[in-house]
Amino acid sequence: MSGRDVFHGNAGSKDRLIAEGPVVAARLRPGRAVAEIARMRGQDLPYVDVSMLIDTGASTSFVERHVVEALGIASIRRQVVALADHKSVECLVYRATIDLPLQDADDHSPKMTPLGITIAATPNATRELPHHGLLGRDFLSHFTMVYAGSTGRFDLVVSSVLPRDR
Amino acid sequence: MTMQQVELKVQEQYERFRRDLPLMQRGPNEGRWVLYLDGARGFFDSEDEAYDEGVTKLGPEAGFVVARVESIEPVLLTAALAWFPGG
């Protein structure tokens with residue numbers, strides 16, 4: 001992979017980017033190793049199409065629990081997450097794969113690129129939320145983000161070796 | 001094994017990991033990643049390596065834990081929650 005493949009985000013307008021923030025449409029699914037085992041067992045491979053808000057204020061990435069439950073994967077640890085009003089909640093943490101539509105730096109063709117992602121599952125929302133979850137600074141550590149607020153666009157330029165789909 | 005049973009196993013293993021963590025922190029593996037199932041199965045330089053080993057050698061439904069050998073601290077959902085004045 002080239003070091004400068006890029007995800008192009010486009011909210012449609014300056015005002016929509018202000019209102020909605022930088023949102024990434026992607027696909028979450030079990031990682032490659034889990035998928036291979038499922039294939040050998042003749043099981044269907046689940047996936048969930050998600051919209052994720054990029055949040056530079058979040059150190060880690062989060063998704064609502066029902067999303068990872070739909071993937072049928074096991075958690076790998078717990079994480080205590082601090083919320084507003086000094087409340088906290090213990091979240092399950094998962095390894096999964098996120099497929100991002102990146103544009104190839106060389107031939108400019110779009111390609112779905114699988115990345116390994118560690119993601120904590122929050123309790124399910126009690127009201128409808130605009131996004132399925134947050135992509136935090138752990139995810140962003142692999143990219144240079146260009147936020148073009150005046151045009152309603154943002155880019156995630158690959159700037160390091162991407163975490164493998166495992 | 002159902003996913004609910006797997007999650008109960010992960011929970012049990014995570015509690016055991018937390019009890020063993022202070023001892024692990026006193027050794028040479030502080031800061032590394034541990035693959036844990038009824039005790040440490042190996043220490044790795046990255047979470048990816050530990051997870052890969054767990055899935056391929058133990059199986060995705062073994063109920064293993066992958067965690068960093070470091071003190072367990074809460075994380076903020078997002079920094080805005082900590083900033084809000086008067087909160």
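**Exercise 1. Find the kink in helix α1(B), and say which residue it lies at.**

Step 1. Locate the helix. α1 of chain B covers residues 3-25. Helices here are DSSP runs of H or I with at least four residues, strands are runs of E with at least two, and both are numbered from the N terminus.

Step 2. Find the bend. A kink of about 40° lies at B:R19, shortly before the proline B:P22. The bend at a residue is the angle between axes fitted to the seven residues ending there and the seven starting there.

Step 3. Check the span. The expected span is 1.5 Å times one less than the number of residues.

A note on the model: it is predicted, local features need pLDDT of at least 70, side-chain atom pairs count only at pLDDT 80 or more, and totals for chains, interfaces and linings use all residues. Residues are numbered from 1 along each chain as its sequence is written, while chains are lettered from A and ligands numbered from 1 in the order in which they are written.

**Exercise 2. List the buried residues of α1(B) and name elements that cover them.**

Step 1. Apply the test. A residue is buried if 20 or more other C-beta atoms lie within 10 Å of its own, exposed if 12 or fewer, and partly exposed in between; C-beta atoms are placed from the backbone.

Step 2. Read off the residues. B:V10, B:Q13, B:Y14 and B:F17 are buried. An α-helix has 3.6 residues a turn, so residues three or four places apart point the same way.

Step 3. Look at the cover. It includes β5 (77-82) of chain A, along with β1 (33-36) and β3 (65-68) of chain B.

**Exercise 3. Trace the pairing of β6(A) with β5(A) and with β7(A).**

Step 1. Recall the rule. Two strands pair if DSSP finds at least two bridges between them.

Step 2. Take β5(A). It runs antiparallel to β6(A), with 6 bridges. A:A82 has A:S88 as its bridge partner. The hairpin has 5 residues between the strands, and A:D85 takes a positive phi near 60°.

Step 3. Take β7(A), residues 110-122. Its antiparallel pairing with β6(A) has 12 bridges. A:V93 stands opposite A:A120. In this hairpin, 6 residues lie between the strands, and A:H108 takes a positive phi near 60°.

Terms used. Two residues are in contact if their C-beta atoms, placed from the backbone, lie within 7 Å.
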